[in-house]
Amino acid sequence: MGEDNLSLVLHGIGDMRLEQRPVRKPGQNEVLLKMHSVGICGSDVHYLKNGRIGDFVVKDPMVLGHEASGTVVDVGEGVIHLKKGDRVAVEPGVPCRVCNFCKSGRYNLCSSIFFCATPPDDGSLSRFYVHAADFCYKLPNHVSYEEGALLEPLSVGVHACRRAGVVMGDTVLILGAGPIGLVTLMVAKAAGASRIAITDLDANRLQMASKLGADQTIKVTSRDGKEVADHIRSSFGDPDRTIECTGAESSIQTGIYATKSGGVLVIVGMGKSEITLPIVNALVREVDVRGIFRYANCYPTALELVASGKVDVKPLITHRFKLEQSHDAFEVSASGKDNAIKVMISCEK
C-alpha cells in the first residue's frame, strides 16, 4: 500500500522524528486502523527525555503513542466482530493468551505481552496502524474518538480502584492530580465513594479536581511525608483507601501514614526503583500496600462508564495538535505550560 503513513519515531534521548513508515496488511485476527486520536502519556515523554523506563530501554527506533482510537479500514482473516468503517478504541497491550497469567485473567502480567510504545514495540502515533482485533473496542456513535483514546488512562483508574477495593461509602484519598489522579478520582466517584480528597503541588490541577468532583483539595507544601499526612488526617480524616499517583517517595510515605489502620494503599505512580518507606508503620496497623501494572479486563468497564455518562473525560483535554505538530505537542505536554493536562494529537490529514 502506498498511502501516506507519517509516523512519530523516537530514535534516542531527545531525538524524535516524523518519518514515513510502510503500511502493513493485517494478518489473522488483526485489523488495519486509520488512526484518529492519540493522547500523549507521561511514559511517552519519559522515553523521549530519558530513553528508558526501568528495564525498558529504547535501543532501536520506536513509534510513540499508546492512548489511541481510529477507524477500521481493513480486516484480517478470522475477524468477525469488526468490519470496515467501525470506530474503535485500541487497548495497547496484547498478551500471549496462553500462559497461566493470561488464562487466569491477569494478562497484564504476561511476560510476552506486546505493548504499544514500550521498547521494542512500536506505538500507534501514525496515520495507519495494525492491531489485534480482539483488543479493539467498538465505540458507540455518541462516544467520540478523543473519548475513545482516553479509555487508556481511564482503564488505569479502573484497575487502581479495583485493586484498592473502592466500594460505596468509602472515603478515598488520591495523591497527585495529574491525568491518572484525575481519572482515578472520577472512577472512585462513580464507584460510590462517599468523600474524596486529592493532593497536588499545583493549584491549577487542584482546581480541575474540584470541577471533576473532589470533595476536598489539599495543596502540598512540604516534602515531609508524615507532615503532609498529619495535615490530611486533621482536615479530612483517615481514608479507607489511598491511591498514590505520583511515584514520589515522600508522597508514598504520606500514603502509608495517612491511610486508616486496616485500610489499603495502592501505588500507581512509578518513580525511583528503590525508596525508603515507613514499613513498620504499615505493618503494625495492617495497612495493605498494593501495586498495579497497567490494567486487565478494564477497557469494557471504562467504555461503559464513558458511554453511560457516569464519567466525563472530555474536560481533561486541554490542548490539541495535528500529527505534523507533534514536536510542539510534546513540548507542551512535557513542560505542562498553559496548564496542560492531556494533550491530544490528531493523526488525520
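Start with Asn297: what is its relative accessible area?

Modeller: Asn297 has a relative accessible area of 42%. That makes Asn297 partly exposed. The cut-offs are these: buried is under 20%, exposed is over 50%, and partly exposed is in between, with a 1.4 Å probe and protein chains only. Keep in mind that this is a predicted model: local features need pLDDT of at least 70, side-chain atom pairs count only at pLDDT 80 or more, and totals for chains, interfaces and linings use all residues. Residues are numbered from 1 along each chain as its sequence is written, and side-chain values use heavy atoms, without hydrogens or water.

Now the loop itself. Asn297 sits between strand S18 and helix H10. Such names come from DSSP runs, numbered from the N terminus: helices are H or I with at least four residues, strands are E with at least two. The backbone at Asn297 stands out, with a positive phi of about 60 degrees in a residue that is not a glycine. Arg294 belongs to the loop between S18 (288–291) and H10 as well. Its phi is also positive, near 60 degrees, and Arg294 is not a glycine either. Most residues other than glycine have a negative phi, and most peptide bonds are trans. In cover, Arg294 counts as buried, at 17% relative accessibility. Asn297, as said, is partly exposed.

Pro119 and Pro120 are joined by a cis peptide bond, with omega about 5 degrees. Pro120 is in the loop between S10 and S11.

Helix H10 (residues 299–308) meets helix H4 (residues 151–164), their axes coming within 8 Å and crossing at roughly 110 degrees. Axes here are lines fitted to C-alpha atoms, for helices over the stretch in contact; angles run from 0 to 180 degrees between N-to-C directions. H4 and H10 are therefore roughly perpendicular. For such labels, under 35 degrees is roughly parallel, over 145 roughly antiparallel, 65 to 115 roughly perpendicular, and the rest oblique. On the H4 side, the contact uses Leu151, Glu152, Leu154, Ser155, Val158 and Arg162; on the H10 side, it uses Tyr299, Thr301, Ala302, Leu303, Leu305 and Val306. Contact means heavy atoms within 4.5 Å.

Look at Ser155, which is placed in H4. Ser155 is buried, at 0% relative accessibility. Beyond its neighbours within four places in sequence, Ser155 is in contact with Tyr295, Cys298, Tyr299 and Ala302.

Helix H1 (residues 42–50) packs on helix H11 (residues 326–335) at about 100 degrees, with axes 10 Å apart. H1 and H11 are therefore roughly perpendicular too. H1 brings Asp44, Val45, Leu48 and Lys49; H11 brings Phe330, Ser333 and Ala334.

Next, helix H5 (residues 179–190), which holds Leu185. Leu185 is buried, at 0% relative accessibility. Leaving out residues up to four places away in sequence, Leu185 touches Ile174, Ile196, Ala209, Leu212, Gly213 and Ala214. Gly157 is 28 residues from Leu185 in sequence, and their C-alpha atoms are 7.8 Å apart.

Last, the charged pairs. Side chains of opposite charge can pair when their charged atoms come close. Salt bridges number 21 across the whole structure. The test is a side-chain nitrogen of Lys or Arg within 4 Å of a carboxyl oxygen of Asp or Glu.

Take Lys342 and Glu67, whose side chains form a salt bridge at 3.0 Å, N to O. Lys342 lies in strand S20 (residues 342–346) and Glu67 in strand S7 (residues 67–75), so this pair ties together parts 275 residues apart in sequence. Both Lys342 and Glu67 are buried.

Asp4 and Arg127 make another, at 3.1 Å, N to O. This pair also links distant parts of the chain: Asp4 is in the segment before strand S1 (6–12), Arg127 is in the loop between S10 (114–115) and S11 (128–132), and 123 residues separate them. Asp4 is partly exposed at 21%, while Arg127 is buried at 6%.

Asp312 and Lys314 pair as well, with their closest N and O atoms 3.0 Å apart. Asp312 is partly exposed at 34%, and Lys314 is partly exposed at 45%. Elsewhere, salt bridges with shared partners join Asp4, Arg127, Glu324 and Lys349 into one network.
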